[in-house]
Amino acid sequence: MLSFKTFMLAEAGDKPYDFHRADDDEVGTRYEFSAGSTPYSATIEHMMGGKHAEVVFGIRHEDDDFGPHTSFHLTGDQGTKAAKILSTVHHIVKRHVAKHPEIHTIGFTSDTGEPSRVALYKRYTKRMGGTSHDSGHVYDTTVHTIPADSYRT
């Protein structure tokens, strides 16, 4: 029988929520999906001349003062939705890199104050052939980098 951690990784990439491209510009693209009744967004920003793409995802909010923005919650707060949310982000990135052959690497970050998120991202990154390390620039942040070709196979 698979452990929960192994199950989470096995499920990532298999059963995404429906998603759609919400908007894009010269810097990147924002995708949207719902996990049950909770709206999410995943933004992919192109950096370093388009060779690197940074992925940020979380719960989408509309605010009169701040406009649309994304908030982050502990992975554990999402319960069994975490695997399906990560699966959805996986499929979003896969579709995005297929349309952008110039992208060489995909990056995610996680706050070290959220050990469950760090652990999930590290396992996912390793499974995808990438690496994780503490950021030397942003305090309490772990950087996860995955070769874009891992999404193209």
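User: Hello! Does Thr125 count as buried or exposed?
Analyst: A friendly caution to begin: this is a predicted model, where local features need pLDDT of at least 70 and side-chain atom pairs count only at pLDDT 80 or more, while totals for chains, interfaces and linings use all residues. Residues are numbered from 1 along each chain as its sequence is written, and side-chain values use heavy atoms, with hydrogens and water left out. Buried means under 20% relative accessible area, exposed over 50% and partly exposed in between, with a 1.4 Å probe and protein chains only. Thr125 has 1% relative accessibility, so this residue counts as buried.

User: In which element is the place of Thr125?
Analyst: Helices (H or I, at least four residues) and strands (E, at least two) are DSSP runs, numbered from the N terminus. By that numbering, Thr125 is in helix α3.

User: Which residues is Thr125 in contact with, leaving aside its neighbours within four places in sequence?
Analyst: Contact means heavy atoms within 4.5 Å. With those sequence neighbours set aside, the partners of Thr125 are Gly130, Thr131, Ser132, His144, Thr145 and Ile146.

User: What distance separates the end C-alpha atoms of helix α3?
Analyst: The expected span of a helix is 1.5 Å times one less than its number of residues. Helix α3 covers residues 115–127, and its 13 residues should therefore span 18 Å. The model agrees with that, as the end C-alpha atoms are apart by 18 Å.

User: What arc do the buried residues of α3 cover around the axis?
Analyst: Arg117, Val118, Leu120, Tyr121, Tyr124 and Thr125 are the buried residues in α3. They lie on the same side of α3 because their arc, taken from the directions from the helix axis to the C-beta atoms, is only 165°.

User: How many bridges join β2 to β3?
Analyst: Two strands pair if DSSP finds at least two bridges between them. β2 and β3 run antiparallel, and in β3 the bridge partner of Phe33 is Tyr40. Their hairpin has two residues between the strands, with a positive phi near 70° at Gly36. The number of bridges joining β2 to β3 is eight.

User: What is the bridge partner of Arg21 in β2?
Analyst: Strand β1 (residues 19–24) runs antiparallel to β2, with five bridges joining them. The two form a hairpin with three residues between them. Six of the eight residues of β2 are buried, and the β2 partner of Arg21 is Tyr31.
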